[in-house]
Amino acid sequence: MAEVETSVVPPASVSGAPALAFEQVSMTFPDGTVALRDVSFSVRRGEFTSIVGPSGCGKSTLLRIASGLTEATSGRVHTDADRLGFVFQDPTLLPWRTVLGNAELLLELHGVPREERRRRAREAISAVGLDAFELFHPKRLSGGMRMRASLARWLTLDPPVFLFDEPFGALDEISREKLNEELLRLFQEKGFAAVFVTHSLFEAVYLSSRVLVMSSRPGRIVADIAVPFGYPRAQELRFDPAMSEVAGEVSAALRSVW
Amino acid sequence: MKVDLRSAEHSELAEAPERPLGGPVRARRGRVRSAAGIVVPAIIALAVFVGFWQFAATHMISRHRRFLLPTPGKVLSDGLFDSRTMHQIAASLWLTTKLSLFGLGVAIVLGIAVGILMFSFKWAERAAYPYLVALQAVPVLAIAPLMTVIFGYSFWAKSIIVIIISFFPIPTTLLLGMKSVDPGLIDLFRLSHASWWTRLRKLRLPNALPSLFAGLRISAGLSVIGAIVGELFFQQGRPGLGQRIYDYQTNMEYPQLYTAIIFSSLLGIAIFSFFGWLGNRAIRSWHESAVESN
């Protein structure tokens, strides 16, 4: 990873074997649509990889394959599927449970005893700044707060790999920026491997150490662009010409496959 | 790393719906106002109705047929304020209430079991659905005499009428609610390898509650109709409201008949409202449809 002048702190430590690896993965739907063709890439802990591409290029399918929800037609996926965080487009909270109850759900399903899951759920809620809203039901929360609760739910599992499927797409710009900051903070704290699907080029560049560009029909990875900024990232980076330059590079790669 | 999130919290609170912060005062004031808004028109409508009734009984019917339509005053004096009548009606009301609640209880237990079965096995749904619809379409008045042939005149025979009439909404609304789960939540449970039983208990059944309670409310109202119909046909044993209605009519005791009808309606409304209240209480904290303050 390239060194950066703007950052005095070294980039989050990238370590060990890939936490998630795709090897020549292809996916053809029963109706004959080729969603993915020969997709290969790997992500290590401490690496933040974004995937951008035209809509319908198979980004979401890619994440579903990574999580094991969908099976690829060919190729191999290496990961510990049982310890995977997967933040969906919608917060998908259980409406009849409070924030705390929702945060406890996954541990409950994994059979973690009550005392421990309560403690871990509280920690996760605290990590996303929802302490004061533990006993609120989702219907009383704003969109941004629901997304935080959704994030907290996965944090309880402390997964080495986190998949994000356009999680902030439905939020307003301000909530989105704030959640970007917090996601980066969590990423540095926990050092998970992140795969982040988004349709915002700026979000992709601002968050990631690396941006993968996909083409559509069939979905293939056509560009792999390194983002030469370390972590933590200053807010001001958003408006830095250097950042615009990388975003421009991603945009050019996207346009070449349109 | 420690980050101060207080400022973030505050600014985001502004986005949150007002209710949690708006405070109970506003909610209470709103409740009083809306209660008045509901009660006053209803009272006016009742007054208009009673007035028309009085007018019809005294001016629209020829003198020698007036006994058919007693005035509201006569219903009060010979019915509601007559100790013999009220004695009879109170005893009958209790019997009819027991019959309705018993039949409804059985319908709820059976209905939930059938609903879960239909959800779990496609074949069960295919097998049961047409007969559920048929059961709903059967004119109960037509099969009531058949019940006496098969089951005699027991409490059970009357209960079966209640069960038949109040059964349909329960499995169907439960099934609907269990099927309409957000696909994202299903994925979430799949990712955790949750068992069938866990998914049922923690996802499908709670998700079905709002819809099930809508069905229960309908069934509750129907159970009283079933009980009265049953009693009208089973003229044996201790008399419920249905039987009283029949007897008063036969003896041409019209003020008493009207009183019995009024109490039958009140029983229906009471059971219906109870289930409405119960449902609202069970889901109000989380479901959008629940009434929170009006």
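Let me begin with confidence. The model scores ipTM 0.88 and pTM 0.81, and for chain B the mean pLDDT is 84, with 87% of the residues of that chain reaching 70 or more. Within chain B, the highest mean belongs to helix H9, residues 169-179, at 94, whereas the lowest belongs to helix H1, residues 6-13, at 42. Over residues 1-24 of chain B the pLDDT stays under 50, although the model does have 23 contacts beyond four places in sequence for that stretch. Where pLDDT is low, the predicted coordinates should not be read in detail.

With that caution in place, let me turn to the architecture of chain B. Chain B has 13 helices and 0 strands, so you will be looking at helices when you follow this chain in the viewer. Of its 294 residues, 31% count as buried. If we take the contacts in chain B with a separation of 6 or more, 74% of them are accounted for by residues 24 or more positions apart.

Now to chain A, and to its division into domains. Domain 1 of chain A is made of two segments, 22-83 and 159-258, while domain 2 of chain A covers 93-158. The C-alpha centres of these two domains lie 25 Å apart, and the contact between them takes 13 residues from domain 1 of chain A and 8 residues from domain 2 of chain A. On the domain 1 side, helix H5 of chain A, residues 173-190, gives the most, with 6 residues. By residue class, that side of domain 1 divides into 8 nonpolar, 1 polar and 4 charged.

Why does Phe196(A) count as buried? It does so because 25 other C-beta atoms lie within 10 Å, and the cut-off for a buried residue is 20 or more. Leaving aside neighbours within four places in sequence, Phe196(A) is in contact with Phe48(A), Thr49(A), Ser50(A), Phe164(A), Leu207(A) and Ser208(A). By way of another distance from this position, Gly129(A) is 67 residues away along the chain, and the C-alpha atoms of Phe196(A) and Gly129(A) are separated by 22 Å.

That is the end of my part, and I am happy to take questions.

Methods: Residues numbered from 1 in each chain as written. Chains lettered and ligands numbered in written order. Predicted model: local features only at pLDDT ≥ 70, side-chain atom pairs only at ≥ 80, totals over all residues. Helix = DSSP H or I, 4+ residues; strand = E, 2+ residues; numbered from the N terminus. Buried ≥ 20, exposed ≤ 12 C-beta atoms within 10 Å, placed from the backbone. Contact = placed C-beta atoms within 7 Å. Domains from an automatic or database assignment. Nonpolar A, V, L, I, M, F, W, Y, C, P; charged D, E, K, R; others polar. pLDDT = per-residue confidence, 0-100.
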